[in-house]
Amino acid sequence: MQTAVIVLAAGRGERLGGKTPKAFVDLAGKTLLQRTLDNLLQFSGFGWLQPVLSASDLSLYAERVSSGDPRVARPVIGGAERQDSVAAGLAAIPEEFELIAIHDAARCRVSAGDVARVVEVAERSGAAVLAAPCRDTVKLVEDGVVTTTPRRDRCWLAQTPQVFHRSLFAEALAKAQAEDFQGTDDAQLVERLGAPVQVVEGSPGNFKITVPEDLALAARLLALEEAGP
Ligand code: CTP
Ligand code: MG
């Protein structure tokens with residue numbers, strides 16, 4: 001199956017703070033979006049990379065991201081919610097791409113190995129997500145009081161890429177839109193159809209840059225990696 005990836009970069013990065021939109025924040029000399037695209041391009045199975053940006057960031061993209069590889073498409077404009085940005089990205093991808101990966105630009109440390117594994121499982125099964133097993137015990141809480149403690153061995157932290165057969169995801173997205181449901185990830189929309197979503201163990205290093213500490217940690221890890229063993 002021909003495979004495309006939607007690269008979501010239309011958020012503002014409010015929790016990160018600062019003036020620069022998150023995707024264009026510098027990490028050791030490159031923007032987060034540049035690092036994300038460079039890492040995704042390492043996976044030769046992607047024939048189309050579809051950046052999704054905020055309209056106000058198009059000039060930043062032109063200035064700070066070099067997309068020399070012809071697989072990187074012209075960016076499209078996202079929407080107010082992440083799910084709207086996903087819909088905009090999907091609409092821009094030619095129909096011949098029947099396997100669709102969705103990735104947060106804020107996960108700039110994604111590895112080609114993890115991408116290859118989740119794409120392979122999704123191609124076979126219809127839907128797969130990268131996730132990391134929970135290290136901590138998870139509590140479900142209402143009004144400050146624990147309601148449930150799910151078994152830790154059943155708790156996983158969802159990452160991206162999340163990868164789907166296009167027809168399945170398009171149906172899931174249409175249902176969510178019709179019912180005014182906003183998910184916090186993409187797999188949820190497919191789960192609501194009752195379709196199974198496979199979990200592929202990813203690495204904890206594929207964390208999302210969300211708060212300033214995440215950026216500092218990513219910089220430290222990069223420095224360690226560059227220093228070598
Ligand atoms: N995103 C998007 N369109 C939106 C909202 C989010 O494309 N309307 C993207 C972000 O750019 C990010 C990814 O979805 O790469 C994950 O979202 P998140 O980490 O929440 O990023 P932001 O929404 O930018 O951050 P914050 O919630 O702190 O403002
Ligand atoms: Mg957000």
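Guide: Helices (H or I, at least four residues) and strands (E, at least two) are DSSP runs, numbered from the N terminus. This is a predicted model, where local features need pLDDT of at least 70, side-chain atom pairs count only at pLDDT 80 or more, and totals for chains, interfaces and linings use all residues. Residues are numbered from 1 along each chain as its sequence is written.

Visitor: Which peptide bond is cis?
Guide: The one from T160 to P161, with omega near 5°. P161 sits in strand β10, residues 156-165.

Visitor: And what's the phi of A28?
Guide: Positive, about 45°, although A28 is not a glycine. A28 is in the loop between β2 (26-27) and β3 (30-31).

Visitor: Is A28 buried or exposed?
Guide: A28 counts as exposed, at 55% relative accessibility. Buried means under 20% relative accessible area, exposed over 50%, partly exposed in between, with a 1.4 Å probe and protein chains only.

Visitor: What about D180, where is that?
Guide: D180 is in the loop between α5 (166-178) and α6 (187-191). Its phi is also positive, near 60°, and D180 counts as exposed at 70% relative accessibility.

Visitor: Switching to the sheet: what's the strand order?
Guide: The order is β5-β4-β1-β6-β10-β7-β11, an open sheet of 7 strands with mixed pairing. Two strands pair if DSSP finds at least two bridges between them.

Visitor: Which strands stand at the edges?
Guide: β5 (76-77) and β11 (198-201); each has a single partner strand, so one side of each is left without a neighbour in the sheet.

Visitor: How many bridges link β6 and β10?
Guide: 4, in the antiparallel sense. There, I100 has F164 in β10 as its bridge partner.

Definitions and conventions:
Chains are lettered from A and ligands numbered from 1 in the order in which they are written. Side-chain values use heavy atoms; hydrogens and water are left out.
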